[in-house]
Amino acid sequence: MSFRPLPAKAPAVLLREAKPLKALFNQAQRIDHLQQVVESQLQPAAREHCRVASWREGCLLLIVTDGHWATRLRYQQRRLQRQLQALETFATLTKILFKVQPPSGEKREVARPFELSESAADSIQETADGVSDPRLKAALERLASHRRRSDS
């Protein structure tokens, strides 16, 4: 006996019939609406750095991309809270929490190996030869060892 998979269903049908999926979709729509409302009250520069994570029991949790923006938003927290409380969606707002979470999709650039030109390496090596402190001399020699390798 061979296994026959069930026929595929259209996404709209799945959203109507599958209760967990429907609840998840409704929650995503709710957060998207909250995001739009919050963005309408944020300064334009801060909008891309701030995302709504949750809205429960009068507490709004915002995820911020880095500490710099979290600090800036904390300085503006009272003003933002007053503005949001004036809107029907956030009428019961009692506090705003900011959490820092760097974006996970970005990959950091791999650092290139540090290389010195021939003349810079020679100059640092000459300086190291004239230094009497052994720790400083060793550090300068390590620095001079980053000489650019010639390909020929």
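## Cysteines

Cysteine 59 counts as buried because its relative accessibility is 16%, where buried means under 20% relative accessible area, exposed over 50% and partly exposed in between (1.4 Å probe, protein chains only). Cysteine 50 is buried too, with a relative accessible area of 1%. The sulfur of cysteine 50 lies 13 Å from the closest cysteine sulfur, in cysteine 59, which is too far for a bond. A disulfide is taken as a pair of cysteine sulfur atoms within 2.5 Å, and by this rule the count is zero.

## Basis

This is a predicted model, in which local features need pLDDT of at least 70 and side-chain atom pairs count only at pLDDT 80 or more, while totals for chains, interfaces and linings use all residues. Residues are numbered from 1 along each chain as its sequence is written, and side-chain values use heavy atoms, leaving out hydrogens and water.

## Nonpolar cores

A nonpolar core is a set of buried Ala, Val, Leu, Ile, Met, Phe, Trp, Tyr and Cys residues joined through side-chain atoms within 4.5 Å. The largest has 20 residues, of which Val38, Leu60, Leu62, Leu84, Phe90 and Ile96 touch the most other members. A second, separate core of seven residues includes Leu116, Val131, Leu140 and Ala144.

Leucine 62 has contacts (heavy atoms within 4.5 Å) that include Val38, Cys50, Leu80 and Ile96, with residues up to four places away in sequence not counted.

## Leucine 24

Leucine 24 sits in helix α2, residues 19–41; helices are DSSP runs (H or I) of at least four residues, numbered from the N terminus. Leucine 24 counts as exposed because its relative accessibility is 58%.

Note on methods:
Helix = DSSP H or I, 4+ residues; strand = E, 2+ residues; numbered from the N terminus.
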